[in-house]
Amino acid sequence: MTSQALREARKYEEASEKLIKEEERPLFHLAARTGWMNDPNGFSYYKGQYHMFYQYHPYDAHWGPMHWGHAVSRDLLHWDYLPAALAPDEFYDMDGCFSGSALELPDGRQLLMYTGVVRERQRNGGACEVQTQCLAVGDGVDYEKYEQNPVLSEKDLPEGASRFDFRDPKMWRKADGTYCAVIGNRPVDGSGQILLCTSEDGFHWQYRKVFAANNNRFGKMWECPDFFELDGKGVLIVSPQDMLPQGFEYHNGNGTLCLIGEYDEETDSFAEQHNQSIDYGIDFYAPQTILTQDGRRIMIGWMQNWDTCAIRIPEDKWFGQMSLPRELSIKNGRLYQKPIRELEEMRRDRVEYREVFVTDTINLEGIRGRKADIELTIRPADEQKLYRKFAVRFAQNAQYQTSVSFRPQENILKIDRKFSGSRRAVIHQRRSRVKSENGHLKLRMILDRFSVEIFVNDGEQVMSATIQTAPEADGISFFADGEVKMDIVKYALE
Ligand code: FRU
């Protein structure tokens, strides 16, 4: 039975999506159908299609009581909206259906596990959110909440584990047919830990062990865990809150963290060996992954930043978009990310220049646009004479521009969106240290109307940022302080 709250949300989103013109949205990045979107949820393959659910407040372009929005796609680039899947309408989730995951049950139904939130008044007059894990079962469109919800709650938690920070279950099915879920939690040290819970049938769950502990190394609470095996390694991704910067690796605030190590399936133990940021730009959080039919591990994150989006001018009809789907691999203890290969099918109008000599500012015939796939390689024009700076400026006209610039002496790549249309005093720049020898660098930049994702050195690093620039600013130019040789291939994306 569909509740009244869900019926209302479905009616509302159907009516209000019509007020948003197609060109006001990204072309191939999934954005909120209407209102607000945050984390990707329930990223899964079911009945021949990819399903993406998302944290959703349809009634306003700001965060509010969380619903689950829903969309499907065959290539992870062209999305169709489906009716909202969950609304906060039960005694155990009346203040929000927070993040979670999905999988297909052996009987062909789709199982969702999400965090139910209920605000509890505290003695000091404030309120805390009690968080439990809940299930819903459905057919790919309509979902019925499980009558025995919640399936994991305070009574299942180990000693000292907070019942107020216990969220974002990511489930998977093991080869033996049993189920696992990693769930974010806060132990007594105030930082984060990831709990492993298990189930024989997907419905009866128990706490197993602490799967990974932060011990106050990377931020505080760890949100939105995901765990998978890739290229012979165990990979745990989490989104820590309240990070302190560590050089150029981690930045202040909410960030993303990838731990790579050894996983022992027998004992369900994970021993971490390497750590790194997942994205080095401004906007990326709470990613979730899927294993595709052809064996690729694909990741999609929320292309936003909690601190930036709290301070906005409240006139958007939609807010929040997902990142590009990224194909993951592990090489030498490092996570590599590449744009999903299906994107190549959207390429049109190839324009190529080789050995372009750049000193000062240049424009190139045929190189402009806001939906573009650009491959660039740069090097010093003379290997004996290192240039001082190289920059690409895009989403550019007389008033606006966003830039990616590189200083080879320090190997610093910087994104700067100060002139991208923002009217707020929030973070507009971010620097990352990249690998480069004598000023050689390879970049792939994907533009989709309101965002840029920069893949450095074949996916060794990624920097993502959203922009609010007026669509007519579609210029692209190149700049060098010193003498640079550049090869460029540019495609329009359609
Ligand atoms: C992460 C997060 C999750 C939570 C959801 C609420 O961005 O805070 O931990 O489930 O957003 O919308």
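## Charge

The protein chain carries 62 positive and 76 negative side chains, and the centres of the two sets lie 5 Å apart. Lys and Arg count as positive, Asp and Glu as negative; His and the chain ends are not counted. Each charge is placed at NZ of Lys, CZ of Arg, CG of Asp or CD of Glu.

## Basis of the model

This is a predicted model: local features need pLDDT of at least 70, side-chain atom pairs count only at pLDDT 80 or more, and totals for chains, interfaces and linings use all residues. Residues are numbered from 1 along each chain as its sequence is written, and side-chain values use heavy atoms, with hydrogens and water left out.

## Overall fold

Two helices and 31 strands make up the secondary structure of the protein chain. These are DSSP runs, numbered from the N terminus: helices are H or I with at least four residues, strands are E with at least two.

The C-alpha trace spans about 70 × 50 × 50 Å along its principal axes. Of the 494 residues, 63% count as buried (under 20% relative accessible area; exposed is over 50%, partly exposed in between; 1.4 Å probe, protein chains only). Take contacts (heavy atoms within 4.5 Å) between residues at least 6 apart in sequence: 59% join residues at least 24 apart.

## Arg119

Arg119 sits in strand S6, residues 110–121. Its relative accessible area is 43%, so Arg119 is partly exposed. Beyond neighbours within four places in sequence, Arg119 contacts Asp95, Ala127, Cys128 and Glu129. Met94 is 25 residues from Arg119 in sequence, yet 8.4 Å away in space, C-alpha to C-alpha.
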